[in-house]
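Morning, everyone. Please look at the screen while I talk.

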Amino acid sequence: LEYSLPFVSIFASRLAFIIYAIAACFGCYGLLMRFDEYVNTLPRFFSFDGIFIYSVIIICLKLVHEFAHSYTAKHYGVRIPTMGAAFIVMWPVAFSDVTDAWRLSNRRQRFMISAAGVISELCIGAVALFCWQLSAPGIWQSIFFVLSSVTIISTILMNLNPAMRFDGYYMLIDLLEIDNLQSRAFEYTKWLYRKIILGF
C-alpha cells in the first residue's frame, strides 16, 4: 500500500475528480434521454453468462472499494493490519481493517476514510455511464452497463444506507458527531416508546 500509494493517488487528484464530474453530468443527461434503452438492457443478463459477468464485475468493484478505504487510510497515516475476505451469512465479502481510523481526532479525515469506497464506486459508475453513451451495442456497451448499474444500485441501496452498519452508518456518525450511534438510537427509541405508549 505504501509503495503504490503515489501511483494510485493520481486517480484521486483534483483533475481526476473534474473528469469524473464531467463524465457524471454527460452520463446522467444521456441516461435521461435514453432511459428506456438503458433499462431494457437488463433482461439480457438474466442468463448464466449474464450472472457470471455480473458476479465478476461485482468482485472487481468490491476489491476497488476496499482498496480505496485502505489507500485513504494510508494517506492519513492509519495502520492497515489486515485485508482479505470474510464470510457474512455464507457469502464471501472483501474487507480492509481500518479500525485504527478511530484514533484520528479529525472527524473529516475519518469521514473520508469511510466514504472512500463509495466515492470510488460512484466515480467508476460515472465514467462507465458516460462510456455507455458512446459505445455501440456489443460486449463493451454491456460491460459499461453492468459497471454503471452495479455501482449505482449497490452504493445507494447498501453502502449509503445508514440503517445498515456499512459505510453510510460510519459516515453519518462523523457527520452528526455522535459516537455509538446505533446503540444510542435504540435506547432513545425504547425511551420514546415507553413515554408515548406507557406514559413513563
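I'll go from the overall fold to the cores, then to a few residues, then to the charges.

First, the ground rules. This is a predicted model, where local features need pLDDT of at least 70, side-chain atom pairs count only at pLDDT 80 or more, and totals for chains, interfaces and linings use all residues. Residues are numbered from 1 along each chain as its sequence is written, and side-chain values use heavy atoms, with hydrogens and water left out.

Now the fold. How many helices and strands does the protein have? Eight helices and two strands. Helices here are DSSP runs of H or I with at least four residues, strands are runs of E with at least two, and both are numbered from the N terminus. Along the sequence the order is α-α-α-α-β-β-α-α-α-α. The C-alpha trace spans about 65 × 50 × 35 Å along its principal axes.

Next, contacts, meaning heavy atoms within 4.5 Å. Take the contacts between residues at least 6 apart in sequence: 63% of them join residues at least 24 apart.

What about the surface? The protein exposes about 13100 Å², and carbon and sulfur atoms supply 71% of that. Those areas come from the Shrake-Rupley method with a 1.4 Å probe; for residues, only the protein chains shown count as cover.

Buried residues make up 33% of the 200 residues. Buried means under 20% relative accessible area, exposed means over 50%, and partly exposed is in between, with a 1.4 Å probe and protein chains only.

On to the cores. In soluble globular proteins, nonpolar side chains tend to be buried together. A nonpolar core here is a set of buried Ala, Val, Leu, Ile, Met, Phe, Trp, Tyr and Cys residues joined through side-chain atoms within 4.5 Å. The largest one has 13 residues. Y38, F145 and V146 have the most contacts inside it. Helices α4 (48–75), α5 (107–134) and α6 (139–159) each supply at least two of its residues. Which helix gives the most? That is α6, with five residues. There is also a second, separate core of seven residues, and A73, V78, A101 and L104 are among them.

Now find helix α7, residues 167–176. Its buried residues include D167, Y169, M171 and I173. The buried residues of α7 pack against α4, α5, α6 and α8 (181–198). After α7 comes E177, with a positive phi near 60°.

Let's zoom in on helix α5. A126 sits in α5. Is A126 buried or exposed? Buried, with a relative accessible area of 10%. Skip residues up to four places away in sequence, and A126 touches Y20, A23 and A24. A126 and F26 are 100 residues apart along the chain, yet their C-alpha atoms are separated by 8.8 Å.

Leaving aside neighbours within four places in sequence, Q133 is in contact with G27, G30, L31 and R34.

Side chains of opposite charge can pair when their charged atoms come close. A salt bridge here is a side-chain nitrogen of Lys or Arg within 4 Å of a carboxyl oxygen of Asp or Glu. The whole structure has nine salt bridges.

Bridge one: E37 with R34, at 2.9 Å from N to O. E37 is partly exposed at 35% relative accessible area. R34 is partly exposed too, at 24%.

Next: D100 with R79, with the closest N and O atoms 3.3 Å apart. This pair links distant parts of the chain, 21 residues apart. D100 is in the loop between β2 (91–96) and α5, and R79 is in the loop between α4 and β1 (83–88). D100 is buried, at 14% relative accessible area.

And another: D179 with R110, at 3.5 Å from N to O. D179 lies in the loop between α7 and α8 and R110 in helix α5, so the pair ties together parts that are 69 residues apart in sequence. D179 is partly exposed at 31%, whereas R110 is buried at 9%. What network do these two belong to? R107, R110, D174 and D179 are linked in a network of salt bridges. D174 is also one of the buried residues of α7.

That's my tour, thank you.
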